[in-house]
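Work through the exercises below with the sequence and the coordinates at hand, and try each task before reading its solution.

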Amino acid sequence: MKRLTVIGLGLIGASCCAALKKRSTEWLISGYSRTEATRQQALAKGLIDQSFDRISDAVADADLVLIAVPMGQFLPVVKAVSEARPSHSVVTDAGSTKGSVIRDLATVYGTTPSWFVPGHPIAGSEQSGVDAANPDLYVDHQVILTPDAQTAVDAIDLVSAFWSSLGASVSTMDVERHDEVLALTSHLPHVLAFNLVHALSDDDEHLEIFRYAAGGFRDFTRVAASDPTMWRDISLANREAILGGIDRFAERLGEMRQAIASGDGEWLMRSFERARTARKLFSSLTDQGVHPVTDTHPSVFTITEAQQGIHGTIRVPGDKSISHRSIMLGALADGVTTVDGFLEGEDAIATVQAFRDMGVQIDGPNEGRVTVHGVGRDGLKAPAAPLYMGNSGTSMRLLSGILAGQSFDSELTGDASLSRRPMRRVSDPLSRLGAVIQTSEDGTPPVQISGGHPLKGCHSEMQVASAQVKSALLLAGLYADGETSVTEPAPTRDHTERMLQGFGYPVKRDGATASVVGGGRLTACHIDVPSDISSAAFFLVAASIVPGSDLTLSHVGINPTRVGILEILKLMGAKIEVLNAREVGGEPVADLRVRYAPLRGIDVPEALVPLAIDEFPVLFVAACCAKGQTRVTGAEELRVKESDRIQSMVDGLSALGVVIEGTPDGAMIQGGGPDFRFAGGSVEAHEDHRIAMAFSVAGLMSCEPIVVNDCANVATSFPNFVGLARETGFPLTVSP
Ligand code: S3P
């Protein structure tokens with residue numbers, strides 16, 4: 001076996017490992033990363049065979065060493081590598097700038113050693129970290145090597161063969177040319193995208209601006225979501241060439257400014273036409289696969305029948321409910337709260353942005369780590385503009401509670417889907433505490449809260465079983481005089497109660513009633529966010545319905561108020577084992593092993609409905625594959641989620657040949673049993689993340705492909721769904 005050592009297990013390094021594991025059995029891979037968690041993840045995902053916490057140990061018997069660290073860390077890393085490398089070994093790197101690599105090597109050796117082959121794979125995405133590892137990242141992409149006359153020919157051959165074996169096409173260039181070309185085609189676009197987003201976000205009205213920003217903004221600025229450390233290092237490492245690019249761009253921009261100012265339509269036409277032609281040429285190159293571009297905002301999923309089972313061990317992203325709450329309570333606490341496993345989905349990011357807009361310093365998220373510099377219970381500042389909550393009902397409802405207790409006025413807005421959702425369920429009970437809070441006439445957003453009105457604790461009997469309403473009241477209760485208590489009609493998720501206690505804030509719990517006494521303080525703490533059982537649900541159902549499946553979902557939160565999906569699937573005959581049950585930071589966690597089992601239809605017990613409220617779209621899919629009828633009742637809440645989930649599923653499943661009847665509070669589904677196959681065809685996700693993922697699961701059991709439109713919102717709760725789905729065996733493709 002040849003031995004490869006990968007130093008740095010971010011997107012680039014980890015994707016090399018994944019690509020190699022997929023395509024070759026000839027290599028034994030050792031991995032080094034500075035963080036234990038990353039090393040463990042890489043091992044657990046089977047990307048590396050051995051992990052090391054010291055570079056010297058990692059390279060001790062390597063044949064090939066790949067350095068895949070941010071440019072700013074290259075020098076100390078290459079020094080450590082060269083001190084410990086065996087003399088026969090070849091070392092290469094994957095950095096985006098090559099002049100800086102040559103300069104760094106010169107400071108150590110005076111020249112580029114013959115065993116070092118500078119390299120640059122032209123591939124990547126705005127995602128980062130081991131989680132984003134993609135075994136096909138390099139397929140049909142170019143890798144540029146920049147050896148010089150002294151580089152050993154054998155070393156060049158080895159590195160070329162290595163990249164070719166990952167599906168890349170390898171070429172060579174000289175260093176200066178490489179840095180000039182990349183400055184213009186990669187570095188300048190990144191710098192401009194960061195700059196545009198920064199400039200707009202400085203504007204007090206940026207939320208308003210972003211709200212109306214559609215495709216153009218999204219396309220132009222996608223790369224501004226890239227890793228800031230990496231791009232700081234690249235900008236400094238390729239300074240001269242990037243400055244040249246900026247000057248060129250500034251000159252053209254000046255001319256364009258002049259043309260617009262003087263009404264010179266002819267100049268504009270010439271410029272736009274020229275650009276358009278050049279861009280079309282580029283598109284045709286990419287269409288021919290000469291230089292493919294990864295589209296990371298797919299909106300259409302196509303899924304075909306799974307030929308084999310769903311397999312592997314995966315960790316789905318962090319729990320959405322807990323991620324939101326970690327930011328909220330961290331912001332209101334005294335001291336610095338650190339969060340690991342944070343969900344980097346759009347919903348949780350909306351919460352982060354809202355607290356930044358209220359003056360809270362929040363670092364990250366970066367590979368799941370967020371640091372919240374708490375401002376204390378009364379330290380929030382008035383936001384300059386309405387707080388935009390995107391698609392996130394949880395952000396809007398919980399924030400309503402917090403904002404009801406502030407001294408300043410505020411307004412909460414959201415996207416089209418959130419703007420249709422009912423808010424009186426929080427504004428009415430908050431008003432009874434003394435809050436001055438208004439919704440639009442039909443009870444939907446925007447929510448306007450006028451500050452400075454003292455709250456007085458009281459008791460509320462909740463009308464709907466909603467953790468969001470309960471949480472809004474308890475959070476407002478932190479600011480109320482005396483005791484605020486709330487009784488729920490059925491148990492709902494209790495993350496707020498648990499986390500308040502984790503922050504040292506007493507919560508009294510007595511049966512269905514929870515209460516807090518206002519005026520206390522929260523103390524910063526560390527939060528470890530488990531994987532979201534609501535995201536795991538898609539895989540639990542997928543593995544249950546596809547014959548031959550055997551899948552393990554690691555580190556899943558199994559809070560008793562969230563395990564309705566497990567109970568319901570077990571009643572249907574699913575084979576799910578709860579392994580290594582443990583408690584992490586006040587929340588129960590376990591690994592879930594799920595294997596294929598023939599399912600049977602059931603009457604879903606109403607008591608389980610609030611405990612599985614987000615999982616019904618995919619449970620409907622399970623019901624279609626079960627033998628006999630499944631009846632869901634008492635689930636009218638599904639009609640006021642991101643879409644009317646009963647209608648969305650009834651429409652889509654009917655189109656796929658299922659006999660299903662919607663009722664006001666649920667549905668009746670005729671299951672076809674183990675031999676059932678969906679008919680295939682095109683369905684709408686209605687911009688609802690969970691509908692999109694549920695139909696993706698249906699596709700696994702479909703005789704013809706299922707095309708799911710409107711899937712972009714999957715990123716609100718499960719940004720790496722497509723990657724993990726493919727990894728476990730979903731034949732899923734995406735297109736814009
Ligand atoms: C959530 C509660 C649930 C759930 C939502 C998240 C929470 O809503 O559907 O995805 O984090 O409190 P309801 O409490 O309104 O049912």
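The model is predicted, with local features requiring pLDDT of at least 70 and side-chain atom pairs counted only at pLDDT 80 or more, while totals for chains, interfaces and linings use all residues. Residues are numbered from 1 along each chain as its sequence is written, and side-chain values use heavy atoms, with hydrogens and water left out.

**Exercise 1.** Describe the interface of domain 2 and domain 4 by its contacts, its buried area and its residue classes.

Solution. Begin with the bounds, which come from an automatic or database domain assignment: domain 2 spans 183–263 and domain 4 spans 327–528. The C-alpha centres of these two domains lie 35 Å apart. Next, take contact as heavy atoms within 4.5 Å; five residues of domain 2 then touch 10 residues of domain 4. The buried area, meaning the accessible area (1.4 Å probe) that two parts lose on being put together, summed over both, is about 610 Å², and carbon and sulfur atoms give 57% of this. On the domain 2 side, helix α8 (residues 206–211) provides the largest share, three residues; helices here are DSSP runs of H or I with at least four residues, strands are runs of E with at least two, and both are numbered from the N terminus. By class, that side has one nonpolar, one polar and three charged residues, where Asp, Glu, Lys and Arg count as charged, Ala, Val, Leu, Ile, Met, Phe, Trp, Tyr, Cys and Pro as nonpolar, and the others, Gly among them, as polar.

**Exercise 2.** Find how far polar side-chain atoms of R325 and S466 lie from an oxygen atom of the ligand.

Solution. Both residues belong to the set around the ligand (a heavy atom within 4 Å), which also includes T394, R397 and D614. For R325 the distance is 2.7 Å, and for S466 the distance is 3.0 Å.

**Exercise 3.** Locate the salt bridge of K21 and D49, and then the cis peptide bond that ends at P446.

Solution. The side chains of K21 and D49 meet at 2.8 Å, N to O. Because K21 lies in helix α1 (residues 11–23) and D49 in the loop between α2 (36–44) and β3 (50–52), the pair ties together parts that are 28 residues apart in sequence. The cis bond runs from P445 to P446, with omega near 5°, and P446 sits in the loop between β17 (436–438) and β18 (447–450).

Note on methods. A polar contact is a pair of N or O atoms within 3.5 Å; within protein, one must be able to donate a hydrogen and the other to accept it, and residues adjacent in sequence count only if both atoms are side-chain atoms. A salt bridge is a side-chain nitrogen of Lys or Arg within 4 Å of a carboxyl oxygen of Asp or Glu.
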